[in-house]
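This report looks at strand pairing and helix packing. Keep the sequence and the model open while reading.

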Amino acid sequence: MAAPYLRTRPALSAALRPLAPKPRFQSFPRRPNSTTTPMTTTTTTTTTATPTEPTKAAVVDPSSLSRRLKLSAYATALAAVLGVGYYYATDTRASVHQYLVPPLLRTIFPDAEEAHHVGTAALKGLYETGLYIRERVPESPNGPLSVNVFGKQLLNPIGISAGLDKDAEIPDPLFALGAGVVEVGGCTPFPQEGNPKPRVFRIPSVDGLINRYGLNSRGADAMATRLRERLRKFARSVGLTDNEVLNEEGTDGIPPGSLHPGRLLCVQIAKNKKTDEKDVNAVIRDYVYCVDKLAPYADVLVVNVSSPNTPGLRDLQATEPLTKLLSAVVDAAQQTKRKTKPRVMVKVSPDEDDDTQMEGVVEAVWNSGVDGVIVGNTTKRRTGIVPKGVKLIDDEPKILHEEGGFSGPALFDRTVNLIGRYRKMLDGYALKSESDKSPAQKVLFASGGITNGEQALRVLNAGASVAMVYTAMVYGGSGTITRIKSEMKEKLADKSA
């Protein structure tokens, strides 16, 4: 059948040709002075050059030009306002951080713990987007506030105490606020919820806080994961391996904990609430577990035996159990796979303040090889909290007697006194050493009631190397560290004048 079909194709084609649609050509606008040439079968076409009509000059509408200039001026002004606003709002010297933000948080969030979480989330989010609050005036390693701590030259002696960043979520935003030392934690070996809510209370009339958090923690493994990822991110940013950063190779001596030149990161550790404080071996296991997980990422490990909200924890400040515990922590810290081992400090209570108790702590510190002491923590006492002439308002009298530890300016005089006494006792104990080699002086950090530059200088002159703040930031805002340092510089300048 194929052959006849093929033979009929020319005939069909000829028969159907008259029925085919006429070809359609696109019509173009006729040019002026052009000649239309009929279509022919000739393949050669003659083209005649046609002069082009001159282009008319564009006429600018004055009103349109004016509108454009106004829009440009508005855009420039808006950009300038946004730029100035950005630099102002992200500078720790901005007054809004002291006079607007803290009162606003207290008004919007009556629950102090909720305000704490919101503040932490805000600092974290702003840092991740690059819109974080920061000190814009650089500090010099040889500046007037520079201090040597544990062989590291710190930019300044002002620190932020543990509790503000319980789970090591915002160490970098806190360093950006100007602190020379940041303490994160306290961290327990395993997650625990802490005490029932509500558990944090404000007393604005005395700029005080009462908390009974009970060492709520996500656990050492979770904190180690965050700190390890932070270190890896830093290592990638400078083109180094994790081990090179940990061993300070190619980092110009940047501490492997803080990851910031001239600054130190302290990690506070504690036991779980369910661990029986009478079983010293079980307690030691808790602390050593934390050391094993967290030591690689800390410049200083802080042993917390002074929280008033964990039953029996302060019993560990007795000489014998404290010596065993601190010795175990020091030994574990020395096993850290890092060139520079983390230092170890112990945080003691301001309430154990008679000479016998303090001498027992000093003995444990020297016998265990601990590098220093943080004095102190919140207090369970309520005497002397309200200054003369200050009247508590609303429900503040009731809040003052809530269970928990009090912190605020009322603790300052006690802190200065304890620092002076611990300095004298620690140095005096060193003189009893029978070693031919003079032992290194134990380092003291002061924590409790410090709110301004004058007070910071007083605790430093009393024998501390670092002045730590916490509650002052709750009421004073993100610019507290900068303000304290500025006041210190002014005082030092006045003295030298």
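Which residues point one way from strand β5, and which the other way? Val200 and Arg202 point one way from β5 (residues 200–203), Phe201 and Ile203 the other way, and all are buried. Buried means under 20% relative accessible area, with a 1.4 Å probe and protein chains only.

## Basis

This is a predicted model: local features need pLDDT of at least 70, side-chain atom pairs count only at pLDDT 80 or more, and totals for chains, interfaces and linings use all residues. Residues are numbered from 1 along each chain as its sequence is written, and side-chain values use heavy atoms, leaving out hydrogens and water.

Helices (H or I, at least four residues) and strands (E, at least two) are DSSP runs, numbered from the N terminus.

β5 pairs with β6 (residues 208–211) in the antiparallel sense over four bridges. Two strands pair if DSSP finds at least two bridges between them. Valine 200 stands opposite asparagine 211 in β6. The two strands form a hairpin with four residues between them. In the turn, aspartate 207 has a positive phi of about 50°.

## The barrel

Eight strands make a closed barrel with parallel pairing, in the order β3-β4-β7-β8-β9-β10-β12-β13. The twist averages 25° from one strand to the next. Angles run from 0 to 180 degrees between N-to-C directions, and axes are lines fitted to C-alpha atoms, for helices over the stretch in contact.

β10 (residues 372–375) and β12 (residues 443–447) pair in the parallel sense over four bridges. Isoleucine 374 has phenylalanine 445 in β12 as its bridge partner. Helix α10 (residues 319–333) packs on the sheet, where it touches β8 (300–304) and β9 (343–348). Contact means heavy atoms within 4.5 Å. The direction of α10 makes about 150° with that of β9.

## Two helix pairs

α14 (residues 453–461) and α16 (residues 480–496) pack at about 70°, with axes 7 Å apart. They are therefore roughly perpendicular (65 to 115 degrees). Residues in α14 including Leu457 and Leu460 meet residues in α16, among them Ile484 and Met488. The contact divides into six nonpolar, two polar and four charged residues. Nonpolar covers Ala, Val, Leu, Ile, Met, Phe, Trp, Tyr, Cys and Pro; charged covers Asp, Glu, Lys and Arg; the others, Gly among them, are polar.

α7 (residues 220–237) and α9 (residues 280–294) pack at about 15°, with axes 9 Å apart. That makes α7 roughly parallel to α9 (under 35 degrees). Ala220, Asp221, Met223, Ala224 and Leu227 in α7 meet Tyr289, Cys290, Lys293 and Leu294 in α9. This contact has seven nonpolar, no polar and two charged residues.

Definitions and conventions
Angles under 35 degrees count as roughly parallel, over 145 as roughly antiparallel, 65 to 115 as roughly perpendicular and the rest as oblique. Buried means under 20% relative accessible area, exposed over 50%, partly exposed in between (1.4 Å probe, protein chains only).
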